[in-house]
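Here are my notes on this one, in the order I would go through them on screen. Have the viewer open while you read.

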Amino acid sequence: MILCDLCGQAKVCQQKEIDGKEYDICSECWNPLAEKLKGKGRTKKEREMVFLPPVTPEPKREEPKPAPGEPPKIWGRTGRPQ
Ligand SMILES: [Zn+2]
């Protein structure tokens, strides 16, 4: 038996979460309360996630580009041993 948070009587209570707080509420108290609350309130959703942009932007790595126009070096053997 738990003391009902509403009527203060020791009854079989259900744990109800209202407005982020947990209450032990017996069914006798809960039923009229549920009727009152019916159609009100909002569906509980996950805490709104706010995605803030990172304070420091990711460093962009400059990809090393191959130097343009550079002819490939050809290492030719010059001169055979004679
Ligand atoms: Zn009660």
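**Notes on the zinc site and its surroundings**

1. The zinc ion takes its protein donors from Cys4 (SG), Cys7 (SG), Cys26 (SG) and Cys29 (SG), at 2.2 to 2.4 Å. Donors here are N, O and S atoms within 2.8 Å of the metal (3.2 Å for Na, K and Ca); water is not among the atoms, so sites may look incomplete. Along the chain these donors are spaced C-x2-C-x18-C-x2-C.

2. A word on provenance: this is a predicted model, where local features need pLDDT of at least 70 and side-chain atom pairs count only at pLDDT 80 or more, while totals for chains, interfaces and linings use all residues. Numbering starts from 1 along each chain as its sequence is written, and side-chain values use heavy atoms, with hydrogens and water left out.

3. Back to the metal: the site is tetrahedral, with angles of 103 to 116° among the four donor atoms (four donors get that label if all angles lie between 85 and 135 degrees). For reference, the ideal angle for four tetrahedral donors is 109.5 degrees.

4. Cys26 counts as buried at 1% relative accessibility, and so does Cys29 at 16% (buried is under 20% relative accessible area, exposed over 50%, partly exposed in between, with a 1.4 Å probe and protein chains only).

5. As for the fold, the chain has one helix and four strands, in the order β-β-β-β-α from the N terminus. These are DSSP runs: helices are H or I with at least four residues, strands E with at least two. Of the 82 residues, 11% are buried.

6. Which salt bridges turn up? There are two, a salt bridge being a side-chain nitrogen of Lys or Arg within 4 Å of a carboxyl oxygen of Asp or Glu. Glu28 pairs with Lys11, with the closest N and O atoms 2.9 Å apart. Glu28 sits in helix α1 (residues 27–37) and Lys11 in strand β2 (residues 10–11), so this pair ties together parts 17 residues apart in sequence. Glu28 is exposed at 55%, whereas Lys11 is buried at 18%. Glu35 pairs with Lys38 at 3.1 Å between the closest N and O atoms, and both of these residues are exposed.

7. Have a look at Lys16 in strand β3 (residues 13–18). Lys16 is buried but has no salt bridge, and the nearest side chain of opposite charge, Asp24, is 10 Å away. Beyond its neighbours within four places in sequence, Lys16 contacts Lys21, Glu22, Tyr23, Ile25 and Trp30 (contact means heavy atoms within 4.5 Å).

Methods. Tetrahedral: all angles 85-135°; square planar, octahedral: opposite > 155°, others 65-115°. Lys, Arg positive; Asp, Glu negative; His and termini not counted.
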